[in-house]
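Here's a quick tour of a fold, taken piece by piece. Have the structure open and follow along.

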Amino acid sequence: MSPDHPPGLDLDRLRVLLDRERPGLVTGPLSGRLIEGGRSNLTYAVSDGTARWVVRRPPLGHVLATAHDMRREHRVISALHPTDVPVPRPVLLCEDEEVLGAPFYVMEFVEGTPYRTAEQLAPLGPERTRAAVLNLVDTLVGLHAVDPAEVGLADFGRPEGFLDRQLRRWAKQLDASRDRDLAGIDELHATLGRELPRSPAPTVVHGDYRLDNVLIGGEDDEIRAILDWEMSTLGDPLTDLGLLVMYSSPLGMPDSPVSTTAQAPGHPAPGELVERYAARSGRDVSTIAWYTAFAWFKLAVILEGIHYRYTLGQTVGRGFDRIGDLVPVFVEHGLTTLQEG
């Protein structure tokens with residue numbers, strides 16, 4: 001297909017749907033392009049020559065039963081949009097698989113930059129980089145301060161036994177995509193299970209909170225939108241913090257297709273991020289090592305699933321050929337984090 005008609009996006013059918021459900025929204029022929037960078041759901045920028053939108057849909061093949069839920073993403077951004085939490089304005093949810101072959105949703109296009117690597121952050125300079133990352137922490141505190149019941153998300157998840165279920169869920173996801181031996185991953189899972197911490201009061205959890213899942217823009221480098229809500233639920237807020245700590249830690253693998261931003265000049269150390277979150281949220285963060293190790297485990301499972309889809313030829317984009325090499329690195333970091341506490 002041409003760049004304006006990428007795989008998984010039938011622009012003619014999308015136009016018919018939008019004209020029917022949102023009359024007058026589209027004023028010209030649609031074009032679309034795949035937004036690369038994500039390794040899970042597919043994200044497209046769509047334009048009619050005047051306005052722009054974003055379409056989110058699941059990958060083209062091997063979709064696990066509990067993953068890639070477009071309904072959940074659309075629901076949570078719809079609930080949070082009226083709050084101070086920065087999310088794109090939702091436009092439409094389509095559950096009719098006849099349109100694009102899978103459920104999908106449309107949201108507004110938000111201008112901003114998702115900083116994925118230390119190299120991309122470097123031009124900001126140390127002061128702006130430091131401020132942007134600290135703002136990431138503050139925005140997370142704001143998300144965790146939202147009362148789920150007040151925004152219609154009281155039934156968005158089951159907080160009781162959240163961490164135990166998370167461990168079992170990710171082990172199940174691993175088994176569904178496992179076709180090779182992975183040294184240490186079963187040990188990491190078992191150790192996490194033996195050392196489950198006691199969760200604080202539940203909040204809305206993003207589930208994949210990191211710098212390249214937010215859009216930063218404007219003169220003050222403000223966070224304009226939090227993206228990629230497919231893993232959101234009600235649960236333990238420290239899982240979000242643990243993931244942020246993980247992505248703020250050096251990976252130790254040059255030229256990795258999945259990287260952290262830790263080496264950018266001015267980037268705050270993981271400990272400072274934890275201290276800032278604790279001070280501003282009032283939560284006890286003494287068990288953050290467990291949550292960080294869990295983040296390493298979860299990402300190892302996610303990457304293994306992506307690697308598995310790559311071996312089946314069911315991925316769209318670049319960099320997938322090296323994803324499999326990352327999984328043992330993430331497992332080792334998880335084990336080390338637990339050992340060092």
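This is a predicted model: local features need pLDDT of at least 70, side-chain atom pairs count only at pLDDT 80 or more; totals for chains, interfaces and linings use all residues.

Let's start with D221, which sits in the loop between strand 7 (214-217) and strand 8 (222-226). Most residues other than glycine have a negative phi. Is D221 buried or exposed? Its relative accessibility is 10%, and buried means under 20%, so D221 counts as buried.

Now move along to D228, in the loop that runs between strand 8 and strand 9 (233-235). Its phi is positive too, near 55°, and again the residue is not a glycine. D228 has a relative accessible area of 22%, so it is classed as partly exposed.

Five strands make up an open sheet, ordered 1-2-3-5-4, with antiparallel pairing. Which strands stand at the edges? They are strand 1 (31-34) and strand 4 (90-94); each has a single partner strand, so one side of each is left without a neighbour in the sheet. From one strand to the next, the twist averages 20°.

Strands of a sheet pair through backbone hydrogen bonds, either parallel or antiparallel. Take strand 4 and strand 5 (residues 104-108): they pair in the antiparallel sense over four bridges.

## Helix 5 meets helix 8

Last stop: a helix pair. The axes of helix 5 (residues 125-144) and helix 8 (residues 238-247) come within 11 Å and cross at roughly 165°. Angles over 145 degrees count as roughly antiparallel, so that is the label for helix 5 relative to helix 8. The crossing of helix 5 past helix 8 is right-handed.

Which residues make the contact? Helix 5 brings L136, V137, L140, L143 and H144, while helix 8 supplies D240, L241 and L244. Sort the residues of this contact by type and you get six nonpolar, one polar and one charged.

Methods
Residues are numbered from 1 along each chain as its sequence is written. Side-chain values use heavy atoms; hydrogens and water are left out. Helices (H or I, at least four residues) and strands (E, at least two) are DSSP runs, numbered from the N terminus. Buried means under 20% relative accessible area, exposed over 50%, partly exposed in between (1.4 Å probe, protein chains only). Two strands pair if DSSP finds at least two bridges between them. Axes are lines fitted to C-alpha atoms, for helices over the stretch in contact, and angles run from 0 to 180 degrees between N-to-C directions. Angles under 35 degrees count as roughly parallel, over 145 as roughly antiparallel, 65 to 115 as roughly perpendicular and the rest as oblique. A crossing is left-handed if the near helix is turned anticlockwise from the far one by less than a right angle, and right-handed if clockwise. Contact means heavy atoms within 4.5 Å. Ala, Val, Leu, Ile, Met, Phe, Trp, Tyr, Cys and Pro count as nonpolar, Asp, Glu, Lys and Arg as charged, and the others, Gly among them, as polar.
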